[in-house]
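Subject: Structure handover and notes

Hi,

Here is the structure I promised to pass on. Please open it alongside this email.

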Amino acid sequence: MTARERELDELDRDLGRDADRDDADAPATGELDLADRYALRRVVGFSTELEDVTEVEYRRLRLERVVLVGVWTTGTVADAENSLQELKQLAETAGSVVLEGLIQRRQRPDPATYIGSGKAEELRDVVAATGADTVICDGELTPGQLRRLEEIVKVKVIDRTALILDIFAQHAKSREGKAQVELAQLEYLLPRLRGWGGNLSRQVGGRAAGGVGIGGRGPGETKLELDRRRIRERMAKLRREIASMSTTRETKRARRQRREVPAVAIAGYTNAGKSSLLNRLTGAGVLVEDALFATLDPTVRRARTPDGRLFTLADTVGFVRHLPHQLVEAFRSTLEEVSDADLILHVVDGSHPDPESQIKAVREVLAELNATHIPEIVVINKADVADPDTITRLTRREKHSVVVSARTGQGIDELLAAIERDLPRMDHEVRVLVPYRRGDLVARAHEEGEILAEEHTADGTLLHARVPAALAAELRRCAVPEKVGAGAERPA
């Protein structure tokens, strides 16, 4: 064996010993990197100990624990309890757990704390005993009442208006709806902005303005004024956006008015069954949910009366007692579907314990929209679960009413017949012989007008109908002149 061969043999033996040592200790370098890449290592102390798996859901959706408080100024105790019961439904819709409901009898709300200083301290004890983190007042609080009551009860305090605005913010889906809700929230927030008290210097004068004197004057609460200016700028921008977004709806509405298609608007209290009624009449497939303000965006669908007349049916946002005026102003472009309608279907929840108050609240909003002159049909819904005595009382009170059940279909035929009677009639009656080459005009007469008689002859379609003015002019223009003696009209 040569020297070179001996060196190579020693090198092979050394490499073999190293390989045996590496195999005994760990895998090859490439395999180790791959194993590290796919390994899941548990780091001690990073796990959250849960006693029950349901705590995961609780952590994901932490519901606020609230106490409701209302001031009973007028009416009976039943009226006050119904109002607080509605506030409970609003709070639960917003995502909270109601722990307690309190009512205080007063001639008027206390200007400082809404319920009085003594009752506010009692409310603080109730909040501490129940472990609540929010107090909701059944009324609109002034900025001073809100701040003073929070100082006493030591938890967050909101009023009915803020609660409704929060529900609208949760349910707004379209771009226009979100912009309208944001505008209403900013209008509510603007007078309720708070400064930082003594933490920011205030603009003061000499001794007559507080005795601070030279060296004590500061720049004032500039941060608060800056926030107010930004809010006003944002509100102006939102108004411009809403005006531009409403152009599409106005164009569609103008097209329907130009074609003289009658418009019917569904209005009523929230959760009265308006969307269910729209689905029953048109098959629109609108979201139906047993919740307050489930739908905010208007939906317009086509429908026909039993005699075949076309009309549009528009579902609108629901109303509620003391509907915040900020919402009425922000949703005015949406609520124009009601003020521009030819007929209003006023839907009432017949199963509600106090439907008369709902009717009154809806008509107050209609008056604010200048829609009281529009013909109205009171639709008493949920007849399948309503108390018969309540239905009898409502039908006796509202002479022009129809009892229906949108869920079962009860009374829908009677409602359609009432709509047919109350819709405005076409005032242009024509008797024309339309040539077969203008079948499009006959189709339009079926779609836009009311067909009184139709006969197919050798020369064309003999049509007797009530139609819009523009269509009547076109029909007369293309009528066959030779058939004047047969009852058709000579073209103008």
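Below is what turned up, region by region.

This is a predicted model, in which local features need pLDDT of at least 70, side-chain atom pairs count only at pLDDT 80 or more, and totals for chains, interfaces and linings use all residues. Residues are numbered from 1 along each chain as its sequence is written, and side-chain values use heavy atoms, with hydrogens and water left out.

A few terms first. Helices (H or I, at least four residues) and strands (E, at least two) are DSSP runs, numbered from the N terminus. Two strands pair if DSSP finds at least two bridges between them. Contact means heavy atoms within 4.5 Å. Axes are lines fitted to C-alpha atoms, for helices over the stretch in contact, and angles run from 0 to 180 degrees between N-to-C directions.

The four-stranded sheet

Four strands make an open, parallel sheet, ordered β2-β1-β3-β4. The edges are β2 (96-105) and β4 (156-159); each has a single partner strand, so one side of each is left without a neighbour in the sheet. On average, neighbouring strands here are turned by 25° against each other, direction ignored. β3 (residues 134-137) pairs with β4 in the parallel sense over four bridges. Ile136 stands opposite Ile158 in β4. Helix α4 (residues 77-94) packs on this sheet and touches β1 (64-72), β2 and β3. The direction of α4 makes about 155° with that of β2.

The six-stranded sheet

Another open sheet has six strands in the order β6-β7-β5-β8-β9-β10, with mixed pairing. Here β6 (299-304) and β10 (401-403) stand at the edges, each with a single partner strand, so one side of each is left without a neighbour in the sheet. β5 and β7 (residues 310-315) run parallel, joined by four bridges. Val264 stands opposite Leu313 in β7. Two helices lie across this sheet's strands. α15 lies across β5, β6, β7, β8, β9 and β10, running at about 175° to β9.

The nonpolar cores

A nonpolar core is a set of buried Ala, Val, Leu, Ile, Met, Phe, Trp, Tyr and Cys residues joined through side-chain atoms within 4.5 Å. Buried means under 20% relative accessible area, exposed over 50%, and partly exposed in between (1.4 Å probe, protein chains only). Which residues touch the most other members of the largest core? Phe319 and Leu327 do, in a core of 39 residues. Several elements supply at least two residues each, among them β1, α4, α8 (175-189) and β5 (263-268). α7 gives the most, with six residues. Setting aside neighbours within four places in sequence, Phe319 is in contact with Ala267, Gly268, Tyr269, Thr270, Leu335, Val362, Val365 and Leu366. A second, separate core has 23 residues, including Val402, Leu415, Leu416 and Ile419.

The α13 and α14 pair

α13 and α14 (residues 388-397) pack at about 40°, with axes 11 Å apart. α13 contributes Pro355, Glu356 and Ile359 to the contact; α14 contributes Thr390, Arg393, Leu394 and Arg397.

Asp422

Asp422 sits in helix α15 (residues 412-422). Its relative accessibility is 23%, so Asp422 counts as partly exposed. Beyond neighbours within four places in sequence, Asp422 is in contact with Leu343, Ile377 and His400. Leu343 is 79 residues away from Asp422 in sequence, yet 7.4 Å away in space, C-alpha to C-alpha.

The α16 region

Which residues of α16 (residues 439-448) are buried? They are Leu441, Val442, Ala445 and Glu448. These cover an arc of only 145° around the axis, which puts them on the same side of α16. The arc is that of the directions from the helix axis to the C-beta atoms. The buried residues pack against β11 (428-434), β12 (450-456), β13 (461-467) and α17 (469-478).

β13 is mostly covered, with five of its seven residues buried. β11 and β13 run antiparallel, joined by seven bridges. β12 and β13 are also antiparallel, over six bridges. Ala465 in β13 stands opposite Val430 and opposite Ile451. The hairpin of β12 and β13 has four residues between the strands, and Gly460 there takes a positive phi near 160°.

Best wishes
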